[in-house]
Amino acid sequence: MPGQVRTRFAPSPTGYMHIGNLRTALYAYLIAKKYDGKFLLRIEDTDQERYVEGAIDIIYKSLKLAGLKHDEGPDIGGPFGPYVQSQRKDIYMEYAKKLVDLGAAYYCFCSKERLAELKQGQEASGDTPKYDRYCLDLSRHEVQKKLDEGHPFVIRQKIPDVGTISFTDVVYGTITVNSNELDDQVLIKSDGLPTYNLANVVDDHLMRITHVVRGNEYLSSTPKYNLLYEAFGWEIPVYIHLPLILRPTGQKLSKRAGDPSFEDLVSMGYLPEAIVNYIALLGWSPGTTQEIFSLEELEEQFTIEGISKSPAIFDIKKLIWLNGEYIRILPLEDFNRLAMLYYKGAIKNENIDFMKLSKVLQLRTEVLSSIPENVDFIDNLPEYETSLYVHKKMKTDENVSLASLKTALPVLEELQTWDETVIHDALISLAGEMGIKNSQLLWPVRVALTGKEVSPGGAIEMASILGKSETIRRIKIGIEKLTRY
RNA sequence: GGCCCAUUAGUCAAGCGGUUAAGACACCGCCCUUUCACGGCGGUAGCAGGGGUUCGAGUCCCCUAUGGGUCACCA
């Protein structure tokens, strides 16, 4: 294929970037990068009824967050602009008229009422709704007359009566349909704006798109677009249709069903890099056993051959794992900065060394939003049962624990400096002196300090983070609970 | 319903006529260990069903079933 590879991401501004959309953008981007080509952003806003305020900003923001930089687009311009379809209205009309001249399209003056009636009748008799070509044979003169009289009109594509149409998709292979399955769809709406059916063809050609990357839902309408390319005498792009991403119950992802958007996932505590990594693997395989990919690695290793045909289910479990992997490799400072957003709401105590907390928490965090529940004991020691002190493997029960806490209390109170090393040495040697296992001393202390079954660190780490006076206070509470028991 | 597409473990998936059918998540067990987690080791679990073609089929063909997509003046 001569010339430079050019792909595009062409979302309509609905205000919601779902995971499937993002993945389409990602693959289009990767294909461009892989072949050293250009990736462009085009806004498909030809349906003004669906316009949502601020939706374009969400698109910019999402792409930026995902690291998908476009080379041309509404915000940065480019040689084939404008990149917003509503600003290209005249272009589409011009090409639609050309199609009429070519005999590949025709004016239609049917009212919406007539169309609705027609459809209703066809459905009632069990037929597939299809335009009846009422206006197809209007003479040039009749058409001109109606236009002069100011009748509202649409321009419809004229599908050949007979024959089959084939096209080849890189992932799905050659697909053939009967032209009688196709409807004479509207190309230009009565508001003068084009439908997707015309706009995508005109723009992809004018913007020199070489590889059309889009969701599988366009597979069945692609033959109609090919007819248009052929009528214009334009080169047909390489088609790459992507399998759908489904929700765990098997349906298409949807906003209505509550499936999270990309931004939702980010605000739920997933890192953009992890999400991108995860969706790259939903529908594509590198052919190796590598699972962790930076965007740069994807750019190098992505292959069109690796795209699969079958739909994939969005499995949050694997994303959680992957997110944990990304969190663990973060520099401590970066993790701390991210975690701070969650600490703020959960911890009011100002004496906490957050960096110290982050250090123990980082290994244990898979999703940032789980942080608050993991650190809730810091501000307030939870109410807990003395049964927490009973642990078979640690060889502790209430009696052992009470003895351990009572012995540990004065030792800790005497400590002049309060850091992990000092606390560690004091407690470990104490266990030695007492002739008990480390766990028989440390488990009770950890329980007393946190009041929880699990905590983001052991007794020594928790004591260090909570500080001396709070540690002492909590151990006393523990002793009291166990004494009462 | 018509047309189009898909179907390897619970999930993502490798496989492109001859394999003990990779790997990952999840799950289970063991080890490490002051809890949990991390890490290490091991395990359970799969070619939707039926016909062909072939010396040989997860791989090719047909049928059935299931799932999905599409049939708009939405994209």
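Predicted model: local features only at pLDDT ≥ 70, side-chain atom pairs only at ≥ 80, totals over all residues.
1. The buried residues of helix H6 pack against strand S1 (6-9), helix H3 (89-102), strand S7, strand S8 (211-215) and helix H7 (222-232). Nine of the 11 residues of H6 (residues 196-206) are buried, so the helix is largely enclosed by the rest of the structure. The buried residues are Tyr-196, Asn-197, Leu-198, Ala-199, Asn-200, Val-201, Val-202, Asp-203 and Asp-204. After H6 comes Arg-208, which has a positive phi, near 55°.

2. Asn-197, one of the buried residues of H6, also takes part in a polar contact: its side chain meets the side chain of Gln-185 at 3.2 Å. Gln-185 sits in the loop between strand S6 (173-178) and strand S7 (186-188). Its relative accessibility is 9%, under the 20% limit, so Gln-185 counts as buried. Leaving aside residues up to four places away in sequence, Gln-185 touches Ile-155, Arg-156, Gln-157, Asn-197 and Lys-224.

3. The structure holds 21 salt bridges. Among them is the one between Asp-132 and Arg-114, whose closest N and O atoms are 2.7 Å apart. Asp-132 lies in the loop between H4 and helix H5 (140-148), and Arg-114 lies in helix H4, so this pair, 18 residues apart, links distant parts of the chain. Asp-132 counts as partly exposed at 35% relative accessibility. Arg-114 is partly exposed too, with a relative accessible area of 24%.

4. A further salt bridge joins the side chains of Glu-413 and Lys-476 (3.8 Å, N to O). Glu-413 is in helix H15 (residues 398-414) and Lys-476 in helix H19 (residues 468-484), so the pair ties together parts that are 63 residues apart in sequence. Glu-413 counts as partly exposed at 35% relative accessibility, and Lys-476 is partly exposed with a relative accessible area of 43%.

5. The model also contains RNA strand B, with 60 protein residues around it; Thr-46, Lys-189, Gly-283, Arg-364 and Gly-457 come nearest. By class, the surface near the RNA has 24 nonpolar, 17 polar and 19 charged residues. At least two residues of this surface come from each of helix H4 (112-124), S6, strand S11 (312-313), helix H11 (316-328), helix H17 (438-450) and helix H18 (459-466). H11 gives the most, with five residues.

6. Which parts of RNA strand B make up its atoms within 4 Å of the protein? Sugar or phosphate accounts for 69% of those atoms, and bases for the rest. Individual atom pairs include each of these parts. A polar side-chain atom of Lys-189 is 3.4 Å from a phosphate oxygen of the RNA. A polar side-chain atom of Asp-47 lies 3.4 Å from a sugar or linking oxygen. At Cys-110, a polar backbone atom is 3.5 Å from a base nitrogen.

Methods: Residues numbered from 1 in each chain as written. Chains lettered and ligands numbered in written order. Heavy atoms only, no water. Helix = DSSP H or I, 4+ residues; strand = E, 2+ residues; numbered from the N terminus. Buried < 20%, exposed > 50% of the residue type's maximum accessible area, 1.4 Å probe, protein only. Polar contact = N/O pair within 3.5 Å; in protein donor to acceptor, adjacent residues only side chain to side chain. Contact = heavy atoms within 4.5 Å. Near = heavy atom within 4 Å. Nonpolar A, V, L, I, M, F, W, Y, C, P; charged D, E, K, R; others polar. Salt bridge = Lys/Arg side-chain N within 4 Å of Asp/Glu carboxyl O.
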